[in-house]
Amino acid sequence: MGASGTKRVIQAELSQDQLDYLKMRTRMTEEEIQKWFHGFYKDCPDGLLTQKQFILMYNHAFPDGDATQYAKRVFVTFDKDNSGKIDFTEFLLAMDLMENGNLDEKLRYAFQLYDVDKNGILTKSEIETIIKMILSLRGEGNNDRLKNDVMKHLNQFITKFDENNDAKISQDEFCRICSQDEYLKEFLSPNFSS
Ligand SMILES: [Ca+2]
Ligand SMILES: [Ca+2]
C-alpha cells in the first residue's frame, strides 16, 4: 500500500498540453483561460459540474423565474460527451461561445438547445416548449398574453419562410428568421445570464 495515495489529489493547475489545446479551440488568451479555470475549480473542486449545481446557478441568476427546465436543456447541450457532468473543457467552449461568439454562432447554438429530439428540425410543438421555458425563466410563466404574442409573431415568420408548408424550421431558416427580426432575436437568443 502506497502512503502517497492517502490524500486525494485535486488538479489545481492546467498542464501546458491542456492550455495549448484550449487556446486552439477557443478565442481566449492564456490569462483568460486561467481565470475561468480558477473560477471553475473554486465552484467545482472535483473538476466536474453536475446538473444539480448547474440548475442552482441558473436559478440564482434568474431569481424572478423558474429556470429549471431551461437550465436542464442548456446543461445537456453543453455536455458534449453525454457524461452527465460538465468538465472544464466543455465549460470553457461554452463560455467562449457566449463571450466571443458572433450572432450566427449563437443562433446555431440556440437551435441545438431548442431541438430537443436532435433531428435537425424545429417543429411547432418544440417551439411552443421553448417559449414556455423562456417565459418561465423570466418569471412570466403565467403570462399567456405574452406567450400568444410571441407565438403569433413567430407564426408569421414560419409562414413566410416555410416554402413547402410543413411548419418545420431548419437550422438555416431559424438563423435567418432570428437575424432578421429584432423581437425574435432578443427573445430566442440564448439566455446565459440575466
Ligand atoms: Ca461531459
Ligand atoms: Ca426537432
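Predicted model: local features only at pLDDT ≥ 70, side-chain atom pairs only at ≥ 80, totals over all residues.
How close do the axes of α4 and helix α7 come, and at roughly what angle do they cross?

The protein chain has 194 residues, and 21% of them count as buried. It holds 10 helices and 4 strands. Along the sequence, the order is α-α-β-α-α-β-α-α-β-α-α-β-α-α. Take the contacts in the chain with a separation of 6 or more: 63% of them come from residues 24 or more positions apart.

Next, the annotation. UniProt, in an unreviewed entry, places the feature "domain: EF-hand" at residues 66-101, 102-137 and 149-184. I have figures for two of these stretches. Residues 66-101 are 67% helix and 8% strand. The C-alpha atoms at the ends of that stretch are 26 Å apart. Residues 102-137 are 72% helix and 6% strand. Here the end C-alpha atoms are 23 Å apart.

Back to the opening question. Helix α7 covers residues 124-137. Its axis and that of α4 come within 7 Å, and they cross at roughly 120°. With angles of 65 to 115 degrees counted as roughly perpendicular and those over 145 as roughly antiparallel, α4 is therefore oblique to α7.

Which residues meet there? From α4, they are Gln 69, Tyr 70 and Arg 73. From α7, they are Met 133, Ile 134, Ser 136 and Leu 137. By type, the contact of α4 with α7 divides into 4 nonpolar, 2 polar and 1 charged.

Now the other partner of α4. Helix α3 spans residues 51-61, and helix α4 spans residues 68-78. Their axes come within 9 Å and cross at roughly 130°. That angle makes α3 oblique to α4. The crossing of α3 past α4 is right-handed.

Look at the residues on each side. α3 brings Gln 51, Phe 54, Ile 55, Tyr 58 and Asn 59. α4 answers with Thr 68, Tyr 70, Ala 71, Lys 72 and Phe 75. Sorted by type, the contact of α3 with α4 gives 6 nonpolar, 3 polar and 1 charged.

To recap: α4 is oblique to α7, and α3 is oblique to α4.

Note on methods: Residues numbered from 1 in each chain as written. Chains lettered and ligands numbered in written order. Axes fitted to C-alpha atoms, helices over the stretch in contact; angles between N-to-C directions. Helix = DSSP H or I, 4+ residues; strand = E, 2+ residues; numbered from the N terminus. Parallel < 35°, antiparallel > 145°, perpendicular 65-115°, else oblique. Left-handed = near helix turned anticlockwise from the far one by under 90°. Contact = placed C-beta atoms within 7 Å. Nonpolar A, V, L, I, M, F, W, Y, C, P; charged D, E, K, R; others polar. Buried ≥ 20, exposed ≤ 12 C-beta atoms within 10 Å, placed from the backbone. UniProt positions renumbered as here; feature names shortened; annotations may be inferred.
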